[in-house]
Amino acid sequence: MTFAIKVNGNTHSIDVDGDTPLLWVLRDVLGMTGTKFGCGMALCGACTVHLDGTAIRSCITPIDSIGTSAITTIEAIGATAVGAKIQKAWLDREVVQCGYCQSGQVMSASDLLASKPHPTDSEIDAAMSGNICRCGTYVRIREAIKQAAKSIERGD
Ligand code: FES
Ligand code: FES
């Protein structure tokens, strides 16, 4: 079946089964490999993208459920105001270790700060709890989110 999906501002016509997960479409059909496969069961967060600005797990999101909603992936999150602050903070704090989980971390953190500009530690932990990092970068992730929040507040 043919679907028209909007990814990072561009509309793509794709021919796949309706139950094909969005993650498969992004990576295998569109060649956008920044979004990662981890568990395939909504347990790790590696596949996180935004659907109309809200973080979702693309591994369990069938393509026929998306409709006209706008998808944003790690390839374009830096073009958003909050995403740019998050990515700068990630670099400043040297968050990344192996990197595999980090696109999902950035997508979840961007959703958090877009909806809650001044999160407490417990709110950060709650928002990021579904994103697993085998390298244990959690402390730096929290610091980077706080740095980005301060930068947004100052308006730098
Ligand atoms: S691959 Fe989607 S949550 Fe793990
Ligand atoms: S940086 Fe290696 S899994 Fe998170």
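1. R154 forms a salt bridge with D156, with the closest N and O atoms 2.9 Å apart; a salt bridge here is a side-chain nitrogen of Lys or Arg within 4 Å of a carboxyl oxygen of Asp or Glu. R154 is exposed, its relative accessible area being 57% (buried is under 20%, exposed over 50%, partly exposed in between; 1.4 Å probe, protein chains only).

2. This is a predicted model, in which local features need pLDDT of at least 70 and side-chain atom pairs count only at pLDDT 80 or more, while totals for chains, interfaces and linings use all residues. Residues are numbered from 1 along each chain as its sequence is written, chains are lettered from A and ligands numbered from 1 in the order in which they are written, and side-chain values use heavy atoms, without hydrogens and water.

3. The structure holds seven salt bridges. A network of them links D121, D125, R142 and K146. In the pair of D125 and R142 the closest N and O atoms are 2.6 Å apart; D125 sits in helix α4 and R142 in helix α5, 17 residues apart. Between R142 and D121 the corresponding distance is 3.5 Å.

4. The residues of these two pairs are partly exposed: R142 at 29% relative accessibility, D121 at 31% and D125 at 39%.

5. The protein chain has five helices and five strands (DSSP runs, numbered from the N terminus: helices H or I, at least four residues; strands E, at least two). Their order along the sequence is β-β-α-β-β-β-α-α-α-α.

6. Of the 156 residues of the protein chain, 44% are buried. The C-alpha trace spans about 45 × 30 × 25 Å along its principal axes.
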